[in-house]
Amino acid sequence: MVENLRKKSIVLLKIVVSAALLYFIFTKLNFAEVYETIKKANPWFLVLAILLFVFSKITAAFRLNLYFHKLDILLSQRSNLKLYVLGMFYNLFLPGGIGGDAYKGYLIKKKFKINTKKVVAVLVLDRLSGLLLLFLYACIIFLFISNATTSSYQIIAIILTPLSVVTFWYLNKKFFNYVLAIFWKSFGLSALVQLAQLICVFCIMKALSIHEDIASYLFVFLVSSIVSVIPLTIGGIGSRELTFFYGASLLSLDENISIGISMLFFLITALVSVFGIVYHFKKVDLKVRLES
C-alpha cells in the first residue's frame, strides 16, 4: 500500500511539474503566434520528419536487441520491436507507475529467467549510449554556432568530444565487461539514431521555413533532448519546452519558433508512440530467434 501511494505521488508530482513549466512558458510567450507558426508548416516536410523519426526508433530497437542477444536473450527482431513500441507508449502516456523500461525489464525477466541486475544494466546502457551521442552531436554542432557568447567555450567542446567517448568506453570495460564486445556496434547505431532525429528536426525547421541559425536551433534541440530524459516531468513535457525557451533567449533565437519546433517534435513523438497502445491490450508474445 505504501509503495502504491509512493508511485501515485510520483505521477502527481510529474503532472504538477509539467503543468507548472508549461504555464510558465506560455505566460512568457504569445501562444497565438506560436499556433500561427505551427499552422503554416509545410505538411510534406512534416511527413518526412515523421518517417525519419520512425526510422530512428526502429534503429534504436535494433540497438537494444544487440544488448539482449549479448545476454543470450535471443529475442526476435519483430518481438523486440513490438516491445519497444509498447515501452514508448508507457514512457509517454503512463509514466511513474509503469515506466516503459521497467515494463520491458519485467517481461524479459519473466520470459527468460535472466539475472535482474544484468537486464537493468543493459537497459540503462542502452539509454546512456543514446545520451552519449546526443552529447557528442551537441559538442560538434556547438562549434558551428557563430555567437559571441559561445565562442569562448568552443575549446571545451573540442576537449569533451573525445574525452566523453573514452570515459564511456572505460566505464563499460570496468563495470559491464560482458557487453563490451558490442560497444562500437552500439555506438554506431546510436550515431545513426540521433542523426536521424537531427535530420527529423531539420525537416521540421524546413516545414516552418527557418533558413537562419540552423546550428543554434539544432544545438538547443540536442540539449533539450538530454534534459527531457531527467524524470521530473511526463514524457519530457515542459522540460523540453523550457530548454527551448531559455536556449532561444541565450542564443538570440525566435522564442515562438523555438517552442513551435519543440511542440511539433513532441506531437510526432506522441503520434508514433500511441501505436504502442495496440500491445497494451494485445499481449506481446516474446518469440525467440535461434542464432546459427
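Predicted model: local features only at pLDDT ≥ 70, side-chain atom pairs only at ≥ 80, totals over all residues.
The chain has an average pLDDT of 83, and 82% of its residues score at least 70. Helix α9 (residues 183–207) has the highest confidence in the chain, with a mean of 96, whereas helix α1 (residues 2–28) has the lowest, at 57.

The structure contains one salt bridge. Its partners are R63 and D126, whose closest N and O atoms lie 2.7 Å apart. This pair joins distant parts of the chain, 63 residues apart, with R63 in helix α3 (residues 43–70) and D126 in helix α6. R63 has a relative accessibility of 5% and therefore counts as buried. D126 is likewise buried, its relative accessible area being 5%.

Turning to the surface, a nonpolar patch is formed by I140, L143, F144, Y153, I155, I156, I158, I159, L160 and L163, which together have about 940 Å² of accessible area. Helix α8 (residues 154–175) supplies the largest share of this patch, six residues. Another member of the patch, L143, sits in the loop between α6 (116–142) and α7 (148–151). L143 counts as partly exposed because its relative accessibility is 34%, a value between the 20% and 50% cut-offs.

Finally, helix α12 (residues 255–273) comprises 19 residues and spans 27 Å from its first C-alpha to its last, close to the 27 Å expected at 1.5 Å a residue. At the start of α12, the backbone nitrogen of N256 has a side-chain oxygen of D254 within 2.9 Å.

Conventions. Residues numbered from 1 in each chain as written. Heavy atoms only, no water. Patch = residues over 30% accessible without salt bridge, like charges linked within 9 Å, V, L, I, M, F, W, Y side chains within 5 Å. Areas by Shrake-Rupley, 256 points an atom, 1.4 Å probe, with all protein chains shown as cover. Salt bridge = Lys/Arg side-chain N within 4 Å of Asp/Glu carboxyl O. Helix = DSSP H or I, 4+ residues; strand = E, 2+ residues; numbered from the N terminus. Buried < 20%, exposed > 50% of the residue type's maximum accessible area, 1.4 Å probe, protein only. Expected span 1.5 Å × (residues − 1). Polar contact = N/O pair within 3.5 Å; in protein donor to acceptor, adjacent residues only side chain to side chain. pLDDT = per-residue confidence, 0-100.
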